[in-house]
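My entries follow in the order I made them.

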Amino acid sequence: MSRLHPLEPPYASDVEERLSAMMPPGVPPIGLFRTFARNLPMSAAMEGWGRYELSKRLSLSLRDREIVINRTTARCGCEYEWGVHVAFFAERAGLSAAQIRSLTCGGAADACWQGDRDRLLIEAADALHDAADVPDGLWHRLACEFNEAQLLDLLLLCGWYHAISFAANGARVPLEDGAPRFTDVASS
């Protein structure tokens with residue numbers, strides 16, 4: 001049950017303006033953003049960084065980004081944010097059903113990962129989740145594949161989605177209608 005209920009329409013004009021800024025034109029605001037809109041200064045402050053993380057300005061590819069986000073949110077047990085990203089981005093990122101299942105309840109050694117780059121991203125997300133650090137050996141392998149800008153984006157992307165997971169889990173944001181559930185991929 002939700003601890004901080006997402007705002008429902010009709011919205012006050014300042015809330016409407018904030019929600020419109022957070023979503024693509026014509027797309028209704030998701031529950032997480034309607035929850036964040038309970039604190040307008042906070043949601044406004046988050047906008048720039050959130051937009052950067054999901055933009056083409058991020059030095060990581062869409063696929064890289066979604067591997068890190070899906071792995072991080074799954075490891076955090078954040079079914080809400082994981083489901084939103086799987087629903088909206090997994091197909092565009094070229095993630096197969098087996099890869100989504102692996103990101104959710106498998107690991108970097110799973111047979112569905114053919115490329116070292118994908119495996120490195122999963123290993124990095126796991127290391128950051130488990131130890132809030134990257135061991136030297138893994139860092140060396142990452143530095144052979146990713147440039148400095150990409151490494152920084154990787155670290156902060158993982159951290160950002162830990163924060164998003166903490167907020168969604170702690171507030172008990174209700175799952176979005178039509179978004180996949182962990183059980184959907186665990187049983188397939």
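This is a predicted model: local features need pLDDT of at least 70, side-chain atom pairs count only at pLDDT 80 or more; totals for chains, interfaces and linings use all residues.

**Entry: backbone**

Arg172 turned up with a positive phi of about 60°, and it is not a glycine. I placed Arg172 in the loop between α9 and α10, the latter running over 182–186. Its relative accessible area is 37%, so I logged Arg172 as partly exposed.

Ala132 is another non-glycine with a positive phi, here about 55°. I found Ala132 in the loop between α7 and α8. With 65% relative accessibility, Ala132 counts as exposed, because the cut-off for exposed is over 50%.

For peptide bonds I noted a cis one between Pro9 and Pro10, with omega about 0°. Pro10 belongs to the segment before α1, which spans 13–22.

**Entry: α4 against α7**

I then took helix α4 (residues 62–75) and helix α7 (residues 116–131). Their axes come within 9 Å and cross at roughly 35°. The crossing of α4 past α7 is right-handed.

Which residues meet there? From α4 I listed Arg63, Asp64, Ile67, Val68, Arg71, Thr72 and Arg75. From α7 the partners are Arg117, Asp118, Leu121, Ile122, Ala125, Asp126, His129 and Asp130. Sorted by class, this contact has 5 nonpolar, 2 polar and 8 charged residues.

I checked how some of those charged residues are connected. Arg71, Arg75, Asp126 and Asp130 are linked in a network of salt bridges. Arg71 and Arg75 are on the α4 side of the contact, Asp126 and Asp130 on the α7 side.

**Entry: salt bridges elsewhere**

I started from a general point: side chains of opposite charge can pair when their charged atoms come close. The structure holds 11 salt bridges, and I looked up some of them one by one.

Glu123 and Arg141 meet through their side chains at 2.5 Å, N to O. Glu123 sits in helix α7 and Arg141 in helix α8, so this pair ties together parts that are 18 residues apart in sequence. I logged Glu123 as partly exposed at 26% relative accessibility, and Arg141 as partly exposed at 38%.

Arg51 and Glu47 form a salt bridge at 3.0 Å, N to O. Both lie in helix α3 (residues 40–53), 4 residues apart, which is about one turn of the helix. Arg51 has 45% relative accessibility and counts as partly exposed.

For Arg65 and Glu66 the closest N and O atoms are 2.9 Å apart, again a salt bridge. Are these two buried or exposed? Arg65 and Glu66 are both buried.

**Entry: the core**

In soluble globular proteins, nonpolar side chains tend to be buried together. I looked up the largest nonpolar core here and found 54 residues in it. Leu32, Tyr80, Leu95 and Leu142 touch the most other members. Helix α9 (residues 148–171) gives the most to this core, with 9 residues.

Leaving aside neighbours within four places in sequence, Leu32 is in contact with Tyr80, Glu81, Ile164, Ala168, Val173 and Glu176.

**Entry: two single residues**

Ser43 is in helix α3. At 1% relative accessibility Ser43 counts as buried, because the cut-off is under 20%. Beyond four places in sequence, Ser43 touches Arg18, Met22, Phe36 and Ala37.

Gly137 is in helix α8 (residues 136–145). I logged Gly137 as partly exposed, at 47% relative accessibility.

Note on methods: Residues are numbered from 1 along each chain as its sequence is written. Side-chain values use heavy atoms; hydrogens and water are left out. Helices (H or I, at least four residues) and strands (E, at least two) are DSSP runs, numbered from the N terminus. Buried means under 20% relative accessible area, exposed over 50%, partly exposed in between (1.4 Å probe, protein chains only). Axes are lines fitted to C-alpha atoms, for helices over the stretch in contact, and angles run from 0 to 180 degrees between N-to-C directions. A crossing is left-handed if the near helix is turned anticlockwise from the far one by less than a right angle, and right-handed if clockwise. Contact means heavy atoms within 4.5 Å. Ala, Val, Leu, Ile, Met, Phe, Trp, Tyr, Cys and Pro count as nonpolar, Asp, Glu, Lys and Arg as charged, and the others, Gly among them, as polar. A salt bridge is a side-chain nitrogen of Lys or Arg within 4 Å of a carboxyl oxygen of Asp or Glu. A nonpolar core is a set of buried Ala, Val, Leu, Ile, Met, Phe, Trp, Tyr and Cys residues joined through side-chain atoms within 4.5 Å.
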